[in-house]
Amino acid sequence: MKPFRYDRAEDISGAVATLAREPAGVFLAGGTNLVDLMKLDVVKPDVLVDVRRLTSAEIEDLPDGGLRIGAAVTNSELAADRRIRSRYPALSQALLSGASGQLRNLATTGGNLLQRTRCAYFYDTTTPCNKREPGSGCSALEGYNKEHAILGASRHCVATHPSDMAVAMTALDAMVRIHGPRGQRQIPITELYRLPGQEPQHDTNLEHAELITGVDLPPSAFSPNSRYRKVRERASYAFALVSVAAALEVRDGVVHDVRLALGGVAHRPWRAEKAEDALRGKPAVQQSFRAAAAAELAGAAPLRDNAYKVPLARNVMIRTLLELSGER
Amino acid sequence: MGVEITLKADGTEHRIAVDPRTTLLDALREHLGIYSPKKGCDHGQCGACTILLDGVRVNSCLALAAAHDGAEIITAEGLTADGELHPMQRSFIEHDALQCGYCTPGQVVSAVGMLAEAEAGWPSHVTRDVSAGEMPLTDEEIRERMSGNLCRCGAYANILPAIRGAADGGGLR
C-alpha cells in the first residue's frame, strides 16, 4: 500500500476544508471497500480524512413522517432499525442481502453509497480500465462481461454499481445530504449517480471534498408494501447479478402508484421510470407487469456474456410486483 | 510517520505507534503479539480475522488501526476467562467443528457476535418477515448469519451443530 497521511478533523467543516486542500486525498468512513482498494493499489490517496466519528450515527424521525439516516449509521444498525423494517422493508432486505455480518457492522451508510464497482478489470491493475486509469480503454467491453451492464453503458465503461442499499433507496425516493466546500445541499439519489459516458472515472456528481452527511427517506403511504429481491450465484455473500427494489400501491385492483429500481444492470442504481409510467392506472395483474418490464428493457444492449440479464431482470421485476400485489 | 493509538485488547490496554497503513489485524499480530485472529485472505472475504470491536464482530483486516483509537477488542483468546474456555469454544471441541483449525478462531468469535445480534432481534436475509418482532434461530438462520466465515476444510457440517449447541446451552455472555 502506498504511504499516506492519516488525518482526523475536529468536525465536518474541518474535514471538508482539509480535503479541499488535498487534491489526492479521500474521506475514510468504515473503510471496507476503500482499504481493500488501497491494498490492491487501485486507489492511491495521499491523505485519508477520517469522518466516521464526525457524521451522525443516529436515525431520526422527521416532522413530515420520514426518517433521517446519519452517514455513519452502520449497514447493520440501519437494517435492524424497527422503523426501517416496518416502514421501508425493501431497504432492510437490501442491506441484509449485501456482504456479510462482519462487513455490515463496519460499513456505513455514506460509504455504502460511494463503494466502487466490482468489475474484475477495475481491480486488476495489469489490465486497461477507463474507470481506474482514464483513457486506457475498457477491458470488459470485449472481454469477460458476464456481470456487466445491459442499460446505460458506453463504449468507455460497462461496469455496474454494486450496492444493494442504493437500489432500495433509489426506489424509495431518498434524498442525499451533502456538505461541501461551498456549503450544504441535498439531491435526489437518482442525481447522485452518473452514467459512464466518456468519463467513467466519475461514479457520482459529487465534487471533490463534498461529504455525504446523511440520507433522508420521505414519508410514503405505500413504502411498507415494498420488497427487495436479489439474484446471485451463491445463496449468500455475493454481489447481485440482477436485483429489484419495488413498492406498490394497488387500489381496487388497479396500480395506483409504484416505485421500481434495478440493481446489477447499469453504472448506477437504475430507476425504472418507463416501467412505472407503464403501470400506473393499469390492472395489477401479471400481464401489466410483463408489459411494464418489457417497456423498461426495450433499450437493453447486452454484451457477449450477459444477455441472460435481460430475461432475468424481466422475470424478477414481474415476480416482485406479483408478490407485492398479493399474488404468488 | 507513526500514529499514536490506545487499544484495549483482550482486557489489556496498550499504547502503540502505528504506520497509518496498519490494519487492526496487523496491529494485533505484529504489535501486540495476539495471534488468534488469522490472516486468511486479507480482503474481507474469508472471516478468519474476525474480532469483536467495541462489542460487534468485524473483519479486522479492513479496519485501519489509526481509525480505531480507544477501541476495545476481544479476540478468540480473549474469550477465555481465567483459563476457562468460553462455551462456544467448548462446543466447537465437543462437536469436532474443525479440521485444520485455521478459520476456527474467526468462526468462534463470529459465532459469539452472531448470537448477540440474533438475541438483539436483528433480522437476516433469510428472515421471512423483517418487520416481525422475533425470529427463531433456525439452522437456516445460523448458516446465513455465518456466511462471512469460510472453512476451506468444509467443516460446516460440524460447525453448525457446534453453534446450535452453544446457542441452546445458553450462558454465552
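Reply: Two residues are in contact if their C-beta atoms, placed from the backbone, lie within 7 Å. The model discussed here is predicted.

Me: What do the buried residues of α3(B) pack against?
Reply: In chain B they pack against β3 (50–53), β4 (56–59), α2 (87–94), α4 (139–145) and α5 (156–169), and in chain A against α6 (101–106).

Me: Which residues of α3(B) are called buried, and what makes them so?
Reply: A residue is buried if 20 or more other C-beta atoms lie within 10 Å of its own. Among the residues of α3(B) that are buried are B:Thr104, B:Pro105, B:Val108, B:Val109 and B:Met114.

Me: How do you know that the span of helix α3 of chain B is close to the expected one?
Reply: The expected span is 1.5 Å times one less than the number of residues. Helix α3 (residues 104–119) of chain B has 16 residues, for which 22 Å is expected, and its first and last C-alpha are 22 Å apart; the span is therefore close to expectation. The helix is followed by B:Gly121, with a positive phi near 85°.

Me: How is the packing of α12(A) and α13(A) described?
Reply: Their axes are 9 Å apart, at an angle of about 145°, and the crossing is right-handed. Residues including A:Phe289 and A:Leu297 in α12(A) meet residues including A:Met317 and A:Leu321 in α13(A).

Me: What makes two residues of this contact count as charged?
Reply: Arg counts as charged, and A:Arg290 and A:Arg314 are among the residues that meet. The contact also has 10 nonpolar residues and one polar residue.

Notes
Residues numbered from 1 in each chain as written. Chains lettered and ligands numbered in written order. Predicted model: local features only at pLDDT ≥ 70, side-chain atom pairs only at ≥ 80, totals over all residues. Axes fitted to C-alpha atoms, helices over the stretch in contact; angles between N-to-C directions. Helix = DSSP H or I, 4+ residues; strand = E, 2+ residues; numbered from the N terminus. Left-handed = near helix turned anticlockwise from the far one by under 90°. Buried ≥ 20, exposed ≤ 12 C-beta atoms within 10 Å, placed from the backbone.
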